Amino acid sequence: MNLPLATVSKVLKFSCVDGPGNRLVLFLQGCNFACPTCHNPHTMKLCNDCGDCVPECPTGSLTIVQGKVVHDASICDQCDKCLDVCPINANPKVTQYSVDDVLALLYQNKPFLNGITISGGEATTQLKFIIALFTAIKTDEKLKDLTCFIDSNGYLPEAAWKTVLPVTDGVMLDIKAFNNTLHHLLTTRSNQRVLATAKLLFEAGKLHELRYLLIPGRTDSDEEIEDLANFVRALDTDTPLRLNAFQHHGVKGEALTWPTMKEPDVERIAAELRSAGLTNVVVPAVYI
Amino acid sequence: MSELLKRFKGITEDPGLSFTQKARYLSLEAENSLPYPELDEETAKALEERVICDMYEGHVPFKPRYVMPDYSVVLEKGSAFLELEPATTLDEAINSLMIAYHHVPSVTNMPVFIGRLDNLLLPYCDEVSDEDLYKKLKLFWRYLDRVLPDAFMHANVGPTDNRVARTIMRIDAELKQIAPNLTFIWDPDVSSDAIFSQACESIIECSKPHIANNPLHQPLFDDYGYGVASCYNVLPLCGGASTLTRINLREVARRSKDTADFFENVLPKYIDLNFRLTEARIDHLFNKSGFFESFLVKEDWISRDRFTAMYGIFAMAQCVDELQAKEGRAGKYGHDETANQLGHRISKVLYEVVEMRPMENCWRGKAMLHSQAGLSDDDGCTPGVRIPYGSEPDPVTHVQALAEHHAFYPSGVSEILTLDETIENNPAALEQLVKGAFQLGFREFSANVSNNDLVRITGYMVRLSDIAKFKECGGSRINTTVLGAEAAETGKILERAPRVMSHELAPRYSQ
Ligand code: SF4
Ligand code: SF4
């Protein structure tokens, strides 16, 4: 059988911000949006082996073998110079994981885990792998009490969601904007599918959390906040809504000239949303 | 004026010290002007070079380092010496304890252990409403912090889920005081999920309590049980520890040619010298000081044969890195498998030697190995077996790297995990981390949450805001702030992702 592999940019054994409890998080490489506000822009694209980063590496960790860029993690000092020079927002340091590789990681860290979360990039661009992995977890005697979550931008079409939801316990979904023109500007794509995903997940009982990124002068307008309140109310006023605040940390390019979102403004908007009837609004624990 | 008198004068005139702090430092200086218990030349030299260390406990051991009284004696029987009747109400019980604490010595002259408070107070709570219990315990808590301001002072609750334990943890999280320090003793077969969750939420609130893994501790002690005192020292109840000495493993590694020399020659030599130091101090305490003539022994608060000797080590990280370098290996302690395994091997050797060596005047005839959390001026040495401040890996990797050590340190191994404040929105993650750590063999668990004002420095608590104030204008009500300020500057402690503190860390006047 031809088992799917995942292209993984990072694995965390401890995360308390990617779903309930402590989670092992797999960050998959590659995204179908191109948000200027992304704080992990190097996860957007898959490497095309152009080789531009190879001479920039100060430790000699990068080489070209048979036309492919190869990374030697044992001597890499994580300076990230390769990420800075990559012209397409890709990452030469990715690792291929098989389902068994991930199961081994889960066994090794099982006592510490409440579950696993697949994040990105955009997790669902590697949907086959997720389905295979979650199915394997659910049928493994020692692992089946782990919950399986996906962190998504919601662009996956409805039919595809239906193939993964039976083995998924919950999804954290980002909504970038309600005004479709604004959504285009912020992501290069339309928001129709995202909003449909939110409804679909809600109806399936799998919408663990909605996330909304507040960007001053863009997504914090009265109209946007009102649309957000209406949208959540139409699902359930108790839907967990996490407000994120746009910060410069990790961001590249044009969005670095955009102002950052300040705590008092986030608190004000949270208060507005609460008075609009939303009962489960969470604000950031830190601003960095 | 002689040097000594100048020093005394300096203490009396130091504007940064309160008058009680001055009195304490004066008494320490006086004690240290007396001759040390007799040591052979080799031991004296190792002590002088600080390869072995007496924690600056003082030249003349006239009291045990840690006294762990069975306070139920004074509650149930009263005290002839203190002219106290048995307690019959909660008010009387708390009052008797408040009096008792003032008569319990320790290395700091303040009590380092104030009892397993729920066991002690529950018998007096039947008629007390929840609201009254809360009010009375809150006043008690305020009294402890204001009158006995030492972060090494330690209260214990658990493992059962009960009103006193719950109320104490609630008050502790509300008041966010440095003192007392608090341990919740957890036992998955006894403690409810609810009280375990409360303990975890309280850690998020104020970096307290410390959690002790009862199934690992209890079997090492008898029915009389144990208590957790000071900076995570697990000691027999109704006794304590006579002394705490320690080996600076970095210095041992520096004096070794290579790993083989370390294990075959140098480490055994210093292990022996540290035993000799310990024996000399215990001999003085038991045979010359007259301490055991005290009413504490006569009235059975403590028993002469229940005092252990804590045999400490520290700077494991620097020791392993030093040996790795001598072997031409780059891998660092805490991050590299070979380095970590070398550390585990050192702990195992230490444990075996300490278990084998007969000791006079020691509970069960032997000392207990201890991963010692550090003084405030440890000169680049990391406490115990910890991973150096600022270089800790993620909490799971951190626990995995250290878990194997824990089996070797029966009298305690204090490890502090630094968690960032995002944990606030997700206490379940902390719960799972504690459970995972205990499943892997952690004896105890402490965490600092990085936005807490109240943090642990080496095992004791300090308030970051107090340190800032202390530096600005001098002076702190709390003894550990002085210690903490010193630790923060010399130990890179505040670089640590987040951390915890305790109180014996200022054993000398250091101006
Ligand atoms: S981060 Fe990139 S550039 Fe830096 S050492 Fe590693 S591979 Fe080389
Ligand atoms: S990571 Fe970027 S720069 Fe490096 S080879 Fe791939 S596409 Fe080219």
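1. Contact here means heavy atoms within 4.5 Å. By that rule, chain A brings 19 residues to its contact with chain B, and chain B brings 21 residues. The model is predicted, and the points below should be read with that in mind.

2. How much area is buried between chain A and chain B? The figure is about 1,600 Å², and carbon and sulfur atoms give 64% of that area. On the side of chain A, the residues that lose the most area to chain B are F14(A), P111(A) and F112(A). Together these three account for 42% of what that side buries.

3. The class make-up of the side of chain A that touches chain B is 11 nonpolar, six polar and two charged residues. Between chain A and chain B the count of salt bridges is zero. Polar contacts are found across the interface of chain A and chain B: eight residue pairs meet the rule, with both residues at pLDDT 80 or more.

4. K138(A) belongs to helix α3 (residues 127–138) of chain A, while D169(A) sits in the loop between α4 (158–164) and β8 of chain A, so the pair ties together parts that are 31 residues apart in sequence.

5. Chain A contains an open sheet of nine strands with mixed pairing. Read across the sheet, the order is β5-β1-β2-β6-β7-β8-β9-β10-β11. Which strands stand at the edges? They are β5 (95–98) and β11 (281–282) of chain A; each has a single partner strand, so one side of each is left without a neighbour in the sheet.

6. Within chain A, strand β7 (residues 147–152) and strand β8 (residues 170–175) run parallel and are joined by four bridges. S152(A) stands opposite L173(A), a residue of β8(A).

7. Ligand 1 has 14 residues around it. Those that come nearest are C57(A), C76(A), C79(A), D80(A) and C82(A). By class, the shell around ligand 1 holds six nonpolar, four polar and four charged residues.

8. Ligand 2 has 13 residues around it. Which of them come nearest to ligand 2? They are C47(A), N48(A), C50(A), C53(A) and C86(A). The shell around ligand 2 is made up of eight nonpolar, three polar and two charged residues.

9. Two peptide bonds in chain B deserve a look. The bond that joins G158(B) and P159(B) is cis, with omega about 0°. P159(B) is placed in the loop between β4 (154–157) and α8 (163–175) of chain B. The bond from A179(B) to P180(B) is also cis, and its omega is near -5°. P180(B) lies in the loop between α8 and β5 (181–186) of chain B.

10. Where does T188(A) lie? T188(A) is found in the loop between α5 (180–187) and α6 (192–203) of chain A.

Technical notes:
Residues are numbered from 1 along each chain as its sequence is written. Chains are lettered from A and ligands numbered from 1 in the order in which they are written. This is a predicted model: local features need pLDDT of at least 70, side-chain atom pairs count only at pLDDT 80 or more; totals for chains, interfaces and linings use all residues. Side-chain values use heavy atoms; hydrogens and water are left out. A residue is near a molecule or strand if one of its heavy atoms lies within 4 Å of it. Ala, Val, Leu, Ile, Met, Phe, Trp, Tyr, Cys and Pro count as nonpolar, Asp, Glu, Lys and Arg as charged, and the others, Gly among them, as polar. Buried area is the accessible area (1.4 Å probe) that two parts lose on being put together, summed over both. A salt bridge is a side-chain nitrogen of Lys or Arg within 4 Å of a carboxyl oxygen of Asp or Glu. A polar contact is a pair of N or O atoms within 3.5 Å; within protein, one must be able to donate a hydrogen and the other to accept it, and residues adjacent in sequence count only if both atoms are side-chain atoms. Two strands pair if DSSP finds at least two bridges between them. Helices (H or I, at least four residues) and strands (E, at least two) are DSSP runs, numbered from the N terminus.
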